[in-house]
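This report goes through one protein model for a reader who has not seen it before. The sequence and the structure come next, followed by the text.

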Amino acid sequence: MDTESDQRADRGIDVSVVVPAYNRRASLDRCLTSLLVQRVAKEIIVVDGGSRDGTRALLGLYAAHHRRLITVIQDAQPGTPGGARNRGLERAAGRYVFFCDAGDHLAPDALARLVAAADRNGADVVVGKIAGARHGVRESADKASLTAVYDDLSCFKLFRRDFLERHAIRFDETQRRGEDMTFTVHAYCHARVISVVADRDCYHAEGGGEAPARDPLGWLRVVRTPIEVMARHVPPGVLRDRLLLRHLRRDVLAQLGVPFLAACEAEREKIAVEVADICGQWLTPGVRAGLDGVDAARVAVLDDPDRLVRLARVEAAPLRHRLTGVEWRGDRLVIEGWAALADTDMEGPALDSTVGLVLRERLSREERVPSLTRGGTGAGSFTAMLDVAALPSGVWDVHVAVECEGARRLARLGSRREPGAGAPAAHLVGGVVAVPFLTRSHGHLGLDVGGRVARVPAAVRLTRVWWRGRRLRVEGRALVGEEAAAAAVRHLIWRERASGREHRERAVAAGPREFAAETAGLRPGTWDAYLELDLGGPPIRFPVKVADADALDRPLRWWRGALRWGVVQWTVRPYATAVNRRLSMSVRVSTPLTVVRRVLRALRRH
């Protein structure tokens, strides 16, 4: 039998937006306005659970002015958020359903972008970027993996309606918290295609999409449901372990942090028992291997509440640090500073800690721990000697590490530093360039081995250009900072200015600083010269600069027959550009008639 929503589906509605509203008068106006401006065929279904703050009157005004767009469902008594969303879903007639809370709002083009992604990819679920969320999607994807989207378990997404009906996916009306997590986990596990739209913010959630403070014991009981739903659909193995790791780290072990400290002693024991019970059921060897830092230490001492308190203090204590100096000593980079866990106002013994450094490569996440020539316990200074020659090519971020109670706290080093403690110049180590740098946003210290992201301060200076027959010989000097870099030269590249096509010639070292290359066979056009260097990472090219115009040889002209055009004159002229003195070359082809006309114009001028 056809349902009411099926009978209304021929209205051509793309998206049904379901909004639960209970005592949301202050924010509802902004929410509905953001929905009305969405440029898609839509309907807005608002479910009011007996509000007493003027929400009902405001909804009446909106429904009266937008009769074809806004439907209001009035419930006599407040229900659960899941119940309100289910009422709206029963009335939905759109191809897709989007759930929006009355305290939140959408970006002006959000639904259009989400629908376009769903239609293009045949997606059952489309995840949009939530503004200000610390966790969640970061990169757009037509077909995202389950692990890529599993950090975001809110229900503020676009769902294909017939997909929800086919799998009987509904909100648990008995849950007052966590019902959106269970719903989304269920949908994720059935979805054939999940797309991500993260190029711009789509959804603006109250509080940036982060969950408010919770009763830890109550939350631990709630979170069991989505874990069990996921486990029913995902068989044991690597994928399930990765999804379980997300739940244990963010939903379970996190309750042993600040919420644990705020609880009384009796409640702490209950929290520890509840966490131990969940871990006993779901902490597989694969999940345990993925834990690090404080979480790994917590798992080892779940039967020791006093130790759990100390670990919570370690996590809550502010990590103070300062960079006092960075310099090169030979081929080693010396980093000096100090770090300590700040004192807290909580009862208990002082935190005793050990300080060190950790280098972490951005892409591979590989870690290296440099040796310390001076270090200590408690609030201490350190001097680290980095053997740069032993580091693989990559971008290495420098973290200060403080170990306490068997747990490790990490923080990026450099945002707080002594005056004058900046990044030293680039340095060649065994033919590989190493560039210390401070990030633009926060001033964090990093080391770019191979010149992958940091600007390499190299200079290529022309010393001589001369003709060897019809081959142009280019000689010059290559420096990285003040260091000779001729051994790193690989190619002289000529790039045609208009078309972008390139001509490559092998370049060779003619001394510690000097290089040489010869060029022939350039086609007509204007060509700019670059020298390509191999400095341990991707090849880097630098423009060849002309310091002295006398270093440039005369233009070369010659006549050559061609089957198609007859006899033509080739003119090849090296020159320095007027603005930045870059070596360029003009290659022109002229017919005898063109040459005659040029001569006549010259005679007239004289």
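Which side chains meet in a salt bridge with 2.8 Å from N to O? They are those of Glu179 and Arg85. A salt bridge here is a side-chain nitrogen of Lys or Arg within 4 Å of a carboxyl oxygen of Asp or Glu.

The model is predicted, and for that reason local features need pLDDT of at least 70 and side-chain atom pairs count only at pLDDT 80 or more, while totals for chains, interfaces and linings use all residues. Residues are numbered from 1 along each chain as its sequence is written, and side-chain values use heavy atoms, with hydrogens and water left out.

**Overall form**

The protein has 16 helices and 31 strands. Both are DSSP runs numbered from the N terminus, with at least four residues of H or I for a helix and at least two of E for a strand. The C-alpha trace spans about 100 × 70 × 45 Å along its principal axes. The radius of gyration is 33 Å, whereas a compact globule of 606 residues would have one near 25 Å. This radius is taken over C-alpha atoms, and the globule rule is 2.2 Å times the number of residues to the power 0.38.

Of the 606 residues, 51% are buried. Buried means under 20% relative accessible area, exposed means over 50%, and partly exposed lies in between (1.4 Å probe, protein chains only). The protein exposes about 29,100 Å², and carbon and sulfur atoms supply 49% of this area. Areas come from the Shrake-Rupley method with a 1.4 Å probe; for residues, only the protein chains shown count as cover. Among contacts with a separation of 6 or more, 70% are between residues 24 or more positions apart. A contact means heavy atoms within 4.5 Å.

**Salt bridges**

The structure holds 44 salt bridges.

| Pair | N to O distance | Separation in sequence |
|---|---|---|
| Glu179 and Arg85 | 2.8 Å | 94 residues |
| Arg87 and Glu173 | 3.1 Å | 86 residues |

Glu179 is buried at 5% relative accessibility, and Arg85 is buried at 3%.

Arg87 is also in helix α4, while its partner Glu173 is in the loop between α7 (161-166) and α8. Arg87 is partly exposed at 28%, and Glu173 is partly exposed at 34%.

Asp201 has a relative accessible area of 29% and is partly exposed; Lys129, at 26%, is partly exposed. A network of salt bridges links Arg468, Arg471, Arg473, Glu475 and Glu518.

Asp201 is also in contact with Arg113. Arg113 sits in helix α5 (residues 110-121) and is buried at 13% relative accessibility. Leaving aside neighbours within four places in sequence, the contacts of Arg113 also include Ala107, Val197, Asp199, Arg200 and Cys202.

Helix α2 (residues 25-36) has 12 residues and reaches 17 Å from its first C-alpha to its last, close to the expected 16 Å. The expected span is 1.5 Å times one less than the number of residues. Its buried residues are Leu28, Cys31, Leu32, Ser34, Leu35 and Leu36. An α-helix has 3.6 residues a turn, so residues three or four places apart point the same way. Elements covering the buried residues of α2 include β1 (15-21), β2 (42-48), α3 (55-65), β3 (70-74) and β5 (105-106).

Asn23 is in the loop between β1 and α2. Although Asn23 is not a glycine, its phi is positive, about 55°. Asn23 is partly exposed, at 31%.

Arg365, another residue other than glycine, has a positive phi near 65°. Its place is the loop between β12 (354-361) and β13 (367-368), and at 48% relative accessibility it is partly exposed.

**A nonpolar patch**

Val596, Val599, Leu600 and Leu603 make a nonpolar surface patch of about 360 Å². Patches are made of residues with over 30% relative accessible area and no salt bridge; like charges are joined within 9 Å and nonpolar side chains (Val, Leu, Ile, Met, Phe, Trp, Tyr) within 5 Å. Val599 lies in helix α16 (residues 592-605) and is partly exposed, with a relative accessible area of 45%.
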